[in-house]
Amino acid sequence: MPRPTHRNDATPCQTADLFAAAGVGEMTARYAGPSSPAPSNGTLGARAATGGLAGLSDAEALELLLSRSLANGARATAAALLARFGCLRRVLTADLAALSAFVDTRVGVDLQLIYDAARRLAAAELPGRCVVSSWTALIDYLKLTMAHCDREAFRVLFLDKKNQLIADEILNHGTVDHAPVYPREVVRRALEVSASAVILVHNHPSGDQTPSSADIEMTKKVIEAARTLGIAVHDHVIVGRAEVASFKALGLI
């Protein structure tokens with residue numbers, strides 16, 4: 001009976017390759033876990049750190065923001081959001097219901113937080129200052145808070161005798177083209193906060209800031225109701241997509 005032969009180095013043993021059947025990408029995903037490449041000058045984070053955020057486009061800024069909340073897919077999600085809402089500002093001012101088609105509630109809240117922080121910064125320029133003479137700060141604040149709302153909202157700025165802001169309140173939300181306004185409610189609230197004057201504000205989701213006949217008629221009724229109690233109506237501002245209309249500047253007050 002022949003004796004068994006032994007393998008030598010010239011004929012190496014063919015052991016099974018555990019990864020032979022898998023491609024490199026599949027093997028990495030299956031066994032090596034997610035990859036985390038070191039930041040380079042080409043990454044958005046590195047570019048922002050070295051060149052500043054101003055160097056990023058809106059799409060890139062949104063992608064970088066989403067990358068803090070999403071494990072992956074930030075670029076695709078940013079592109080989808082911009083395609084749906086049209087611009088970065090409208091993404092950041094969208095409500096949770098509209099955002100839910102693209103991101104979960106946690107990410108939606110993160111996006112809304114950016115807008116809310118900007119709103120708070122703009123609002124910080126108003127209290128304790130003469131609002132009527134600070135027209136630029138007032139308009140910047142109103143455009144930030146109302147220019148991209150999808151529904152009409154009627155708000156009132158309540159002022160003291162020195163035209164300093166006492167309160168800024170939305171009294172009514174409405175539809176895409178109408179927000180109910182009740183002159184008695186405006187006057188009642190002005191008395192509650194001891195306001196001496198008010199500035200009326202509402203937005204036109206259509207984008208056109210031109211006052212309608214209904215806007216003009218409603219403003220007259222508020223002025224009449226306020227006058228009987230010694231409350232002045234300094235202005236009524238309509239906020240469009242890009243511009244605003246002042247009833248006072250138009251000679252309507």
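Predicted model: local features only at pLDDT ≥ 70, side-chain atom pairs only at ≥ 80, totals over all residues.
Let me begin with helix 3 and helix 4, which are oblique to each other, a word kept here for angles that are not under 35 degrees (roughly parallel), not over 145 (roughly antiparallel) and not 65 to 115 (roughly perpendicular). Residues are numbered from 1 along each chain as its sequence is written, and side-chain values use heavy atoms, with hydrogens and water left out.

Two packed helices are described by the angle between their axes and the distance between the axes. For helix 3 and helix 4 (residues 74–85), the angle is about 125° and the axes are 8 Å apart; the axes are lines fitted to C-alpha atoms over the stretch in contact, and the angles run from 0 to 180 degrees between N-to-C directions. Helices here are DSSP runs of H or I with at least four residues, and strands are runs of E with at least two, numbered from the N terminus.

Who makes this contact, meaning heavy atoms within 4.5 Å? On the side of helix 3 there are Asp58, Ala59, Leu62, Glu63, Leu66 and Ser67, and on the side of helix 4 there are Ala74, Arg75, Thr77, Ala78, Leu81 and Leu82.

Glu63 is buried, at a relative accessible area of 15%, where buried means under 20%, exposed over 50% and partly exposed in between, with a 1.4 Å probe and protein chains only. Apart from neighbours within four places in sequence, Glu63 touches Leu44, Ala74, Arg75 and Ala78.

Let me turn now to backbone angles. Most residues other than glycine have a negative phi. Asn163, although not a glycine, has a positive phi of about 60°, and Asn163 is placed in the loop between strand 1 (153–159) and strand 2 (165–173). Is Asn163 buried or exposed? With 17% relative accessibility, Asn163 counts as buried.

Ser194 is not a glycine either, and has a positive phi of about 60°; Ser194 belongs to the loop between helix 9 (183–192) and strand 3 (197–203). Ser194 is exposed, with a relative accessible area of 56%.

Finally, in helix 9 itself, the buried residues are Pro183, Val186, Val187 and Ala190. Viewed down the axis of helix 9, these buried residues fall within an arc of 95°, so they line one face of the helix, the arc being that of the directions from the helix axis to the C-beta atoms.

Technical notes:
Contact = heavy atoms within 4.5 Å.
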